[in-house]
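Biologist: I would like to learn how to read a structure like this one, feature by feature. Could you walk me through it?

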Amino acid sequence: MGTIVEMSRILRAVNALILLLVVAGLAGVFWFVWRPTPQTSGEIQAPTAKPVRIVRDSLGVPHIFAENIDDVLFGQGFATAQDRLWQMDTLRRLAAGELSEIIGKSGLELDRKSRRLRMRQISQMWLRNMPAKDRALLAAYARGVNHYIETNRGKWSPEFTILGYQPRPWLISDTLLCALQMHRTLSGNWEQDLLKAKMLALGDRDKVEFLFPARVGNEPMPGSNAWAISGARSTTGKPILANDPHLEWTMPSTWYEIQLQAPGLNVVGASLPGVPAVVIGHNDRIAWGITALQFDNQDLYLENIDMRTGAFTFRGQTGQAHREVELIAVKGDKPVEEVTFNTVHGPIFRTEGEVHISLRWAAATNNPFEFPMIDLNRARNWTEFRAALSRLTGPNINVLYADVDGNIGWQVAGRLPQRKGFRGDVPLDGSAGVQEWEGFIPFEELPSYYNPKSGMLVSANQNGFPEDAPYQVSGFFASTHRARQITARLLSKPKWKPEEMLRIQTDVYASSLKYLATQAVQAVDKRGDQNAMAREGAQLLRDWDGQMNRDKAAPLLASLLYQHLRRSMADRAAPKEGADYKPYIAHSVVEKLLRQRPAGWFNDYDLWLATSLADAVEEGKRMQGRNMAKWSYGVQNLLTLKHPIASLVPGVGSFFNIGPLPLNGFGTTINATSERIGPSMRFVADTSNWDASQMNLTVGESAHIFSGHYKDQWEHYYAGLSFPLEFSQVKGKGTLILKP
C-alpha cells in the first residue's frame with residue numbers, strides 16, 4: 001500500500017513538473033514570440049494631426065495613408081520601428097562608434113574606425129547646416145519612431161533582451177548617422193591608394209600605372225545595375241526601368257519596402273531603415289533606380305604633424321590640429337580612450353611608424369546639408385526630378401529615370417571634388433598645400449542623358465563621364481563587363497516585356513572569364529603542351545559556355561585561372577605584392593594585357609596562360625579532389641546569412657539563418673555575387689501599369705526572428721523570381737489606425 005502511495009506522490013510531482021515546464025515554455029513563447037510582435041490591426045492613440053492608416057499587405061509591407069506630409073512620415077517612422085528597431089539602433093551605433101557599449105570588446109575596432117572618421121561630429125555638422133524645412137521632415141519621422149519606443153517600452157524584440165539593454169529615444173542626428181553610414185559604404189578607395197603607393201615604391205612605375213588605369217578605376221566596391229529602355233523597345237509602348245543594387249549581404253535586409261500616400265505624395269519602393277522617404281521606387285508619374293557612381297570623394301594626405309601637440313605644417317605655416325578626446329563605452333569593461341587630431345584636410349586616420357595620414361572626405365565639408373528625398377518622391381517630370389537631385393549632397397550616385405510620358409534619363413548627382421593637376425590615387429603631400437580640392441563640380445556640369453537615340457540607358461558602375469570632361473575624372477569605377485552584357489541582352493531582341501527584365505537581372509554569363517578560358521585553351525593547343533594538368537584544364541574549358549552555374553566544374557576552374565593570372569601579372573609589376581592586388585578592375589586589366597600583349601611583361605604569353613591554367617587545375621584538385629568532373633563552383637561560392645544575435649543561441653541559432661547555399665554568378669556577371677556581396681534587392685518598374693511593377697528583397701520585410709515575414713521572400717529571391725509591388729490596388733491583410 002505504501003508503495004502505491006509513494007508512486008502516486010511521484011506521479012503528482014512529475015505531472016506538476018511537466019505542467020510547470022509547459023507553463024514556463026508558454027511564458028517564454030509569450031515573452032519572446034508574441035509579446036514583441038508588432039500590432040498590425042486595430043487602433044492606437046498617437047500624436048498626429050489626423051488619423052493615419054497603416055495597411056499591411058501579404059508580405060507585411062506597410063502602405064501608409066495620411067492627410068499631410070508630417071503625419072505620413074510619422075507613420076513611416078512608427079511602422080519601420082515596429083519591424084526594424086534593433087537594426088536601426090545598430091546602424092546608428094555602427095556609424096557613431098557605439099557598438100562596444102552593447103556587445104563588448106568585439107565591437108571596439110569598428111567603433112574606433114567610426115570615431116576616427118568623426119561620423120558623429122559630421123552628423124552634428126549636417127544637422128546645424130540643414131535647412132529648417134528639411135529638418136522638420138526628419139523630426140516628423142523621429143516622432144514616429146519615438147512613439148513606438150514609448151508605447152512599447154519593455155516589449156522589445158529578442159535582441160534587446162539577449163543583450164540586456166533598451167533603445168534610447170530617436171534623434172534627428174540618428175537619422176543622419178544612418179544616412180551617413182550609407183554614404184560611407186559608397187565612398188572612397190583609400191585602401192587602394194595605399195596599395196598603389198606601396199607598389200610604386202617597390203616596383204616598376206609604368207607597370208603599376210598599367211594596373212591602375214585612370215579611365216576605368218581601381219577599387220572593388222559595392223556596385224549596382226540599373227537600366228531604362230524607351231517605349232520603342234518595350235511591348236507595352238512605355239518605358240521600363242530595372243535596378244538591382246549590389247551591397248553586402250545582411251540579415252535583415254538592407255532595404256525596407258514601404259508606400260507613402262498623402263496630398264501631393266504617392267510613392268512606393270525601398271527605403272533605408274532609419275531614414276524617411278523612399279530611396280528607390282516610383283510614384284504615379286516617374287520611376288527611378290540608383291547605382292553607386294564611384295567617383296573618388298576621398299583623398300589621403302601625408303601630414304607633417306607632431307602627434308604630441310597637434311602642431312602641423314601647411315603652406316609654410318604652422319597650424320594647430322584640433323584634438324578630440326572621446327571615451328568609448330565597452331560592455332563589461334573599462335571605457336577606452338580614443339584621441340583624434342583633426343587637420344585642415346581632416347582627421348589623422350592612419351599612422352604607420354612616423355608617417356601620419358589624414359583623410360579628406362566630401363561628406364565632412366562644412367557646406368549646407370540638404371535632404372531632397374521627399375522632393376524626389378514628389379517629382380512629376382524630368383525637370384522636377386533633376387531639381388531635387390541638384391540638392392543632393394551625398395552619396396555620389398547615378399540615378400536612372402523613366403516616366404509615364406515615355407521619357408528616360410540618367411543623372412549624376414552628389415558632391416564631386418574638383419581636382420586640378422592630380423588624380424588623388426596615391427597619398428598626397430599634406431604640408432605643401434598644392435594638391436588641394438577646388439570646391440565641387442557644379443551640378444549643371446555633371447553627366448546628364450535624356451532620351452538617347454538608342455532608346456536605352458545602362459549603368460553598371462562603369463565610367464560614365466565623357467572623355468572630354470572639363471574636369472579631372474578620378475574614381476574607382478567598375479570594369480565594363482556588366483554594362484556590356486546588359487546592353488547585349490537588351491539588343492538581343494527588338495522588344496521586351498517588363499517581367500522579362502528579371503531574366504536579365506539574373507544573367508550569369510561571365511564574358512571576362514570566357515575570354516580568359518578561350519585564350520588559355522588556344523595557348524595549350526598552340527603549344528602542344530606537355531603539361532598534363534594544362535591539357536586537363538583545356539579539355540574542361542574547351543566547350544564551356546561562360547555561364548557561372550553553381551553546379552558546374554568549368555566555372556570553378558575559370559575563376560581560379562583568373563586568380564592566378566591576376567596575381568602573377570601584379571607580381572611582374574611589383575614583386576611579392578601580387579597577393580594584395582585584388583581590385584575589381586583587374587578583370588579589365590588582365591584582359592587588356594592579353595589583347596595587347598605588350599613587350600616587357602612576359603616573354604611568352606602563351607606559356608604564361610598555360611602555366612597559369614596548370615596551376616589553377618592543381619589548386620582545384622587540392623580543393624575538391626582529383627576527379628574534375630565532380631567539381632562544383634558553388635562549393636566555393638557559398639552564402640550563409642546569419643542573424644547577428646539570434647544565430648549565437650546554442651542549439652537553435654541556425655534556425656534563424658539562411659545557408660550555407662551555393663550561388664550562381666560572379667563579380668563580372670550581371671547577377672554579381674560573392675560570399676560578401678550580392679544584389680540587395682531587385683526592382684522592375686512598369687510605367688504602363690504601376691501595379692505590374694515588381695520588387696523582391698533578399699530575405700523579408702520584418703527583422704523579428706519569429707515573424708512570418710522574417711525570411712518569406714528568400715525562396716523567390718534565390719530562384720530568381722519576384723513579387724508584385726502593390727500600389728493602387730493594395731490587398732490589405734490588416735489595418736492599424738494611428739488615432740489622434
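Biologist: Let me start with a sheet: in what order do the four strands of the open sheet with β15 in it come?

Modeller: Before that, a word on the source: this is a predicted model, in which local features need pLDDT of at least 70 and side-chain atom pairs count only at pLDDT 80 or more, while totals for chains, interfaces and linings use all residues. Residues are numbered from 1 along each chain as its sequence is written, and side-chain values use heavy atoms, with hydrogens and water left out. Now the general idea: strands of a sheet pair through backbone hydrogen bonds, either parallel or antiparallel. Helices (H or I, at least four residues) and strands (E, at least two) are DSSP runs, numbered from the N terminus, and two strands pair if DSSP finds at least two bridges between them. Here the order is β15-β16-β10-β19, with mixed pairing. The edges are β15 (348–352) and β19 (428–429), each of which pairs on one side only.

Biologist: Which helix packs on that sheet?

Modeller: Helix α9 (residues 190–202) does, touching β10 (298–303), β15 and β16. Contact means heavy atoms within 4.5 Å. For directions, axes are lines fitted to C-alpha atoms, for helices over the stretch in contact, and angles run from 0 to 180 degrees between N-to-C directions.

Biologist: What is the strand order in the open sheet of 11 strands?

Modeller: Read it as β1-β28-β2-β3-β6-β7-β8-β9-β17-β18-β20, again with mixed pairing. β1 (42–45) and β20 (448–450) stand at the edges with a single partner strand each, so one side of each has no neighbour in the sheet. From one strand to the next, the twist averages 20°. As a local example, β8 (residues 280–282) and β9 run antiparallel, joined by two bridges, with Gly281 opposite Trp288 in β9.

Biologist: Which strands does α2 lie across?

Modeller: α2 lies across β1, β2 (52–56), β3 (62–65), β6 (256–262), β7 (265–271) and β28 (734–739), and runs at about 160° to β6. Gln82 lies in this helix, which spans residues 69–96.

Biologist: Is Gln82 buried or exposed?

Modeller: Burial is read from relative accessible area: buried means under 20%, exposed over 50%, and partly exposed in between (1.4 Å probe, protein chains only). Gln82 has a relative accessible area of 2%, so Gln82 is buried. Apart from neighbours within four places in sequence, Gln82 is in contact with Pro38, Gln39, Arg56, Tyr148, His704 and Leu736.

Biologist: How many residues of β4 are buried?

Modeller: Six of the six residues of β4 (residues 224–229) are buried.

Biologist: What are the partners of β4?

Modeller: Six bridges join β4 to β5 (residues 240–248), and the two run antiparallel. Four bridges join β4 to β21 (residues 456–459), also antiparallel. Ala228 shows both pairings: its bridge partner in β5 is Leu241, and Ala228 stands opposite Leu457 in β21.

Biologist: Which strand does β5 join through four bridges?

Modeller: That is β25, and the pair runs antiparallel, with Asp686 in β25 as the bridge partner of Ile240. β25 (residues 681–686) is mostly covered, with six of its six residues buried. On its other pairing, four bridges join β25 to β26 (residues 694–697) in antiparallel fashion, and Phe683 stands opposite Met695 there.
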